[in-house]
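Me: I have a model open and would like to talk it through, one part at a time. Could you keep the answers plain?

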Amino acid sequence: MNIHDEGKEFQRDMTFFVDDQEIALHAVLREEQHFGDMVEFLRGSLGAFCRDQVAPRAASHDQDETFDEENFRALGELGFLAMAYPEAYGGLGVDFAYYNLGLESLAMADAGFALAVGIHGTACDGIRQFGSESLRERYLPSLISGEKQAAFCLSEAGSGSDAKAMSTCYRKDPETGDYLVRGAKYWITNGMTADVFFLLARDAEGGAVSAFVVEKGWEGGFEQVKIPDKMGVRGSNTAELVFDDYRIPAENLVGEEGRGFKYAMVMLNGGRATIASQAVGCARAAWTKLMVYAHERELFGAKLKDLDNTKKEISEAWVEIGASRLLTLQAALLKGEGGDFAAWAAAAKHRATEMAVRVSERAIQLTGGYGYVTESRIERHLRDALLYRIGEGANEALSIVVLPRFLYAEEEGADRVDPW
Ligand SMILES: Cc1cc2nc3c(=O)[nH]c(=O)nc-3n(C[C@H](O)[C@H](O)[C@H](O)COP(=O)(O)OP(=O)(O)OC[C@H]3O[C@@H](n4cnc5c(N)ncnc54)[C@H](O)[C@@H]3O)c2cc1C
């Protein structure tokens with residue numbers, strides 16, 4: 001096979017659910033009642049969807065910077081978006097870890113599309129965890145079936161890592177109890193196509209942050225402005241959302257007023273597990289393409305795969321991908337069990353995203369000039385991977401703030417022993 005010319009054939013040859021994934025899943029969930037059915041679903045239905053529907057369109061979405069709404073709805077019809085939700089809302093009621101591992105396969109096929117799916121999931125999960133019963137009943141069924149799409153709206157142009165510095169604010173209408181929101185959210189994935197927005201805004205008087213479920217078409221100003229020309233994850237759309245006295249009905253407050261920042265931080269923990277899984281998928285795509293090319297390319301009278309350095313790099317990348325997947329599954333499993341998994345999610349996100357950048361960069365280096373051009377479809381993975389290190393908490397914030405907070409608290413609570 002000449003992979004310079006046969007990009008489509010190469011895509012068809014990719015396997016989107018591999019034995020390595022099943023083995024890792026087996027390590028953490030083998031006793032779980034749905035294990036057999038879920039592996040069959042991930043390998044069969046989702047694997048075929050990635051191969052036939054998502055991967056063949058990834059290059060054109062990357063080129064044109066377009067989000068595949070048709071595939072999003074089809075993924076909903078497949079049941080993927082509903083996996084980790086209670087049956088009462090139309091969900092399948094299975095462990096979050098299965099869903100999270102499925103994101104790896106989607107990201108291998110198209111990282112931009114997988115990001116859109118992952119963030120939709122983060123917003124839905126916020127409604128499930130913190131919304132009133134009436135909000136859950138109103139919004140979850142149409143969101144987890146893929147009929148509607150959701151966005152998570154925390155960041156602003158002036159506040160990313162320092163999310164508490166947000167300036168979008170609300171005031172209460174004393175007559176109706178409705179909330180009037182004013183300000184602009186920035187970098188919002190799905191911002192152009194979403195129907196439902198999980199919005200964080202601060203009280204104009206008290207300053208405490210609250211969360212709201214917002215729809216389009218209500219009274220007041222609401223504008224969606226596309227942020228164009230992203231470097232990677234171009235199969236997702238990203239927007240600025242501008243609110244000008246936009247009226248949110250009182251019943252669309254999520255949970256308790258003033259607790260929104262706490263909710264957002266919990267949602268980000270889940271988001272980190274999803275990004276970690278996407279990073280593993282992205283790295284696996286680069287690694288697989290490197291592997292194929294190394295078996296084809298001849299130099300110095302031998303195959304690229306037989307050079308000592310190639311063997312070393314391919315092996316080390318495989319080890320790194322597997323280790324990141326296990327850490328990610330551990331975080332996902334803890335989330336599914338409802339425990340405090342913040343440190344594990346941060347660890348998985350940090351490890352997997354640094355790994356994805358490294359592996360995709362090495363794949364370009366080892367495929368030489370071929371890997372450096374768009375036609376190879378290898379360079380896209382590095383552009384995609386670079387976003388993972390920034391989004392859902394920049395890796396520096398995770399290793400300088402989040403992880404030490406956890407590790408030092410553990411140490412302070414531990415019995416003193418002399419380690420030497
Ligand atoms: C493509 C894309 C999609 C996105 N989607 C969404 C979305 O759907 N919803 C949403 O709310 N947001 C979204 N974001 C925003 C994203 O979460 C922020 O970009 C991220 O939190 C970083 O914020 P910032 O870009 O403002 O960088 P800044 O906060 O200005 O940080 C700049 C850099 O400073 C360093 N840094 C940050 N914190 C620390 C620290 N504590 N110690 C040391 N160094 C540090 C890091 O290197 C960081 O990259 C998206 C962003 C992008 C690019």
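Me: What follows helix 4, and what is its phi?

Reply: Helix 4 is followed by Gly79, whose phi is positive, near 100°. Before going on, please note that this is a predicted model, in which local features need pLDDT of at least 70 and side-chain atom pairs count only at pLDDT 80 or more, while totals for chains, interfaces and linings use all residues. Residues are numbered from 1 along each chain as its sequence is written. Helices (H or I, at least four residues) and strands (E, at least two) are DSSP runs, numbered from the N terminus.

Me: Which residues of helix 4 are buried?

Reply: In helix 4, which spans residues 69–78, the buried residues are Asn71, Phe72, Leu75 and Gly76. A residue is called buried if 20 or more other C-beta atoms lie within 10 Å of its own, exposed if 12 or fewer, and partly exposed in between, with the C-beta atoms placed from the backbone.

Me: Why do they line one face of the helix?

Reply: Looking down the axis of helix 4, its buried residues fall within an arc of 145°, so they line one face of the helix; the arc is that of the directions from the helix axis to the C-beta atoms.

Me: And what is on the face turned away, and what covers the buried one?

Reply: The face turned away from the buried side of helix 4 carries the exposed residues Glu70 and Glu77. The cover over the buried residues of helix 4 includes helix 3 (35–64) and helix 6 (111–130), where a contact requires the C-beta atoms of two residues, placed from the backbone, to lie within 7 Å.

Me: Zooming out, how is the chain divided into domains?

Reply: The protein chain is divided into domain 1 (7–144), domain 2 (150–258) and domain 3 (262–410), with bounds that come from an automatic or database domain assignment. The centres of domain 1 and domain 2, taken over C-alpha atoms, are separated by 26 Å.

Me: How many residues are in contact between domain 1 and domain 2?

Reply: There, 26 residues of domain 1 are in contact with 21 residues of domain 2. On the domain 1 side, helix 3, helix 6 and helix 7 (133–144) each supply at least two residues, and the largest share, 13 residues, comes from helix 6. The residues of that side divide into 14 nonpolar, 7 polar and 5 charged. In this count Ala, Val, Leu, Ile, Met, Phe, Trp, Tyr, Cys and Pro are nonpolar, Asp, Glu, Lys and Arg are charged, and the others, Gly among them, are polar.

Me: New topic, the ligand: which residues come nearest?

Reply: Of the 22 residues around the ligand, Leu154, Ser155, Gly160, Ser161 and Thr189 come nearest; a residue is near a molecule or strand if its C-beta atom, placed from the backbone, lies within 6 Å of it. The shell divides into 13 nonpolar, 6 polar and 3 charged residues.

Me: Where in the chain does that shell come from?

Reply: Domain 2 and domain 3 each give at least three residues to the shell around the ligand. Strand 1 (150–153), strand 3 (179–189), helix 11 (379–390) and helix 12 (395–413) each supply at least two, and the largest share, 4 residues, comes from helix 12.

Me: What about Asp245, buried or partly exposed?

Reply: Asp245 has 14 C-beta neighbours inside 10 Å and therefore counts as partly exposed. Asp245 is found in strand 7 (residues 238–248), and its phi is also positive, near 50°.

Me: Last one, how many helices and strands are there, and how compact is the chain?

Reply: The protein chain has 12 helices and 10 strands. Its radius of gyration is 22 Å, close to the 22 Å that the globule rule gives for 420 residues, so the chain is as compact as a globular protein of that length. The radius is taken over C-alpha atoms, and the rule is 2.2 Å times the number of residues to the power 0.38. Of the 420 residues, 50% count as buried.
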